[in-house]
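Here are my notes on this one, as promised. Have the model open while you read.

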Amino acid sequence: MVSHASAAVLHGLDIGAVNLDRVHLTRARRSGGRRTATLHLHIAPLDTDDVTEIDGVAVTSLARTVADVARSESLHQAVVIGDSALHRGVVSIDDVQAVVECHGRRKGIGAARRAVALLDGRSESPGESLSRIRMRECGMPAPELQHEVRTDGGALVGRVDFFWERWGVVGEFDGMSKYRFGSGQSGDIVAKEKLREDAIRDTGLEVIRWVWADLGRFDAVRARFERACARSRRR
């Protein structure tokens, strides 16, 4: 059946930059695995709960797919795919952990456990998932995800990607896709986003933003965060 990153594609998950040159299949046998330029045939046990069907094609379940990806892909890609699966709300972190522990002696189990420990279905895009990893790598404090910013009167100003309550700082990952609706609309959307950001600042919070290019130089984002913290303390 289709498995690993190929199953993630069929499930419609965000897959980030996973290499899709090979189709991944899993067969429940003791031997016979092989890898070619276009195919990777895995040999592994398959329980009834590990199997589902999509448009008539046998595919590993969401939980099994996330567990397999966590064993075989990089930490970054495993978190992107795992977050995407959890965000749907039809599979839980407990489901994924149970599958991982069922295969406790298989290759990559240590990497799988590390990846699964970092999953959070509140992340809504690959950029947000990767941002969390970068924050962890560069020593930034862990933020609250999808925080609702409200006025003193309780009116909702907006829901933000990241929030550090202790420092009064909001963080927003800007993938820019929301602005690409054609020249007739993009200006209005940018203007609305500017008004939203001004409204957040009016509540007394500092706001920092970053884009895809910043994920490769996250020290610059950390520096913005530290400057925002300093401004917040001076208020």
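1. Ground rules. This is a predicted model, where local features need pLDDT of at least 70 and side-chain atom pairs count only at pLDDT 80 or more, while totals for chains, interfaces and linings use all residues. Residues are numbered from 1 along each chain as its sequence is written, and side-chain values use heavy atoms, with hydrogens and water left out.

2. Main core. The largest nonpolar core has 26 residues, and I81, V91, V96 and V100 have the most contacts inside it. (A nonpolar core here is a set of buried Ala, Val, Leu, Ile, Met, Phe, Trp, Tyr and Cys residues joined through side-chain atoms within 4.5 Å.) At least two residues each come from α1 (4–10), α2 (62–72), α3 (75–87), α4 (93–102) and α5 (109–117), and α2 gives the largest share, 6 residues. Helices are DSSP runs of H or I with at least four residues, strands are runs of E with at least two, and both are numbered from the N terminus.

3. Apart from neighbours within four places in sequence, V91 is in contact (heavy atoms within 4.5 Å) with L62, A63, A85, L86 and V96. A second, separate core has 18 residues, among them L130, F162, I208 and F218.

4. Helix packing. The axes of α2 and α4 are 8 Å apart, at an angle of about 60 degrees. Axes are lines fitted to C-alpha atoms, for helices over the stretch in contact, with angles from 0 to 180 degrees between N-to-C directions. On the α2 side, A63, R64, V66 and A67 meet D95, V96, V99 and V100 of α4.

5. Rings. There are 5 aromatic pairs, counting Phe, Tyr and Trp (its six-membered ring) with centres within 6.5 Å; planes under 30 degrees apart are stacked, over 60 edge-to-face, and the rest tilted. F173 and W212 are edge-to-face because their planes are at 85 degrees, with centres 5.1 Å apart. F173 sits in β8 (169–173) and W212 in the loop between β9 (206–210) and α8 (218–234), so the pair ties together parts 39 residues apart in sequence. F173 is buried at 7% relative accessible area, whereas W212 is partly exposed at 43%. (Buried is under 20%, exposed over 50%, partly exposed in between, with a 1.4 Å probe and protein chains only.) Separately, F162, W210 and F218 form one aromatic cluster.

6. Loop residue. E165 is in the loop between β7 (156–164) and β8, and is exposed at 62% relative accessible area.
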